[in-house]
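Work through the exercises below with the sequence and the 3D structure at hand. Try each task before reading its solution.

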Amino acid sequence: MKKLAVFDLDGTLLDTIGDLAEACNHMLGLRGLGSHTCEEYRKMVGNGILRLVERALPESLRTPEYVAEARRDFVAYYIDHIDRHTHPYDGIREVLHSLQNDGWVLAVASNKFDAGTKKLIANIFPEVYFKEIYGNREGFPLKPDAALLELIMKECGANTETTFMIGDSGVDIQTAKAAGVRSVGCSWGFRPRTELEEFGADFIVDTPSELLQILR
């Protein structure tokens, strides 16, 4: 069976918080609402754009209709400014190259909307071959549901023994458990190391290079 490394995107491969914050604050500014800091947004991300927008809005405005409209404004701005501040974490590009050279199949499973996920990977990692790149798409629930991860495993010809889910949050660890695969928690992302410990990550790494010690 193929050796498969499935990566989360935001907070794992890429530091996207600057562009997420800018797009959210743009959406809030259109409505005459106050903005949030990047540090505040770190606590809001991880469950998809709809939930991010909902969390950014005042509680009194969190009706389904208002949130849906706000999400449309967020996406319209974000897709056009998606990589102004976004960059790979130090060392992650080298790790991807090394895994690829060692015969690992690489994939992405993100709760970011699908078009945004694919655009970021294409723009920032054009030289890396990801067998599958999936963001949130119609017909599939968000992580921690395992449906998307299981689809990736099937399409990549991998099984639970040969697959690792790599991410920076408890959502990613839960996803791995739901699919019956091993998990690697990345402490450099948006969530604290304590969250990865609390959700029972099989491994926790503090730098990208440590991934190679586990995956080799």
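Predicted model: local features only at pLDDT ≥ 70, side-chain atom pairs only at ≥ 80, totals over all residues.

**Exercise 1.** Describe how helix H1 and helix H4 are placed relative to each other.

*Solution.* Two packed helices are described by the angle between their axes and the distance between the axes. Begin with the distance: the axes of H1 (residues 17–30) and H4 (residues 64–80) come within 9 Å. Next, take the angle, which is roughly 130°. H1 is therefore oblique to H4. The crossing is right-handed. Then list the residues that meet: Asp19, Leu20, Glu22, Ala23, Cys24, His26, Met27 and Leu30 from H1, and Ala70, Asp73, Phe74, Tyr77 and Tyr78 from H4. By type, the residues of this contact are nine nonpolar, one polar and three charged.

**Exercise 2.** Decide whether Thr175 is buried or exposed, and find what surrounds Thr175.

*Solution.* Locate Thr175 in helix H8 (residues 170–179). Its relative accessibility is 1%, and buried means under 20%, so Thr175 is buried. Now follow the side chain of Thr175, which reaches the backbone oxygen of Val171 at 2.7 Å. Leaving aside neighbours within four places in sequence, the contacts of Thr175 are Lys143, Pro144, Asp145, Ala146 and Leu149.

**Exercise 3.** Find which residues Leu14 touches beyond four places away in sequence.

*Solution.* Start in strand E2 (residues 14–15), where Leu14 is found. With a relative accessible area of 0%, Leu14 is buried. His87 lies 73 residues from Leu14 along the chain, yet their C-alpha atoms are separated by 5.5 Å. Besides His87, Leu14 touches Leu9, Thr86, Pro88, Tyr89, Leu120, Ile124, Phe125 and Phe190.

Technical notes: Residues numbered from 1 in each chain as written. Heavy atoms only, no water. Axes fitted to C-alpha atoms, helices over the stretch in contact; angles between N-to-C directions. Helix = DSSP H or I, 4+ residues; strand = E, 2+ residues; numbered from the N terminus. Parallel < 35°, antiparallel > 145°, perpendicular 65-115°, else oblique. Left-handed = near helix turned anticlockwise from the far one by under 90°. Contact = heavy atoms within 4.5 Å. Nonpolar A, V, L, I, M, F, W, Y, C, P; charged D, E, K, R; others polar. Buried < 20%, exposed > 50% of the residue type's maximum accessible area, 1.4 Å probe, protein only. Polar contact = N/O pair within 3.5 Å; in protein donor to acceptor, adjacent residues only side chain to side chain.
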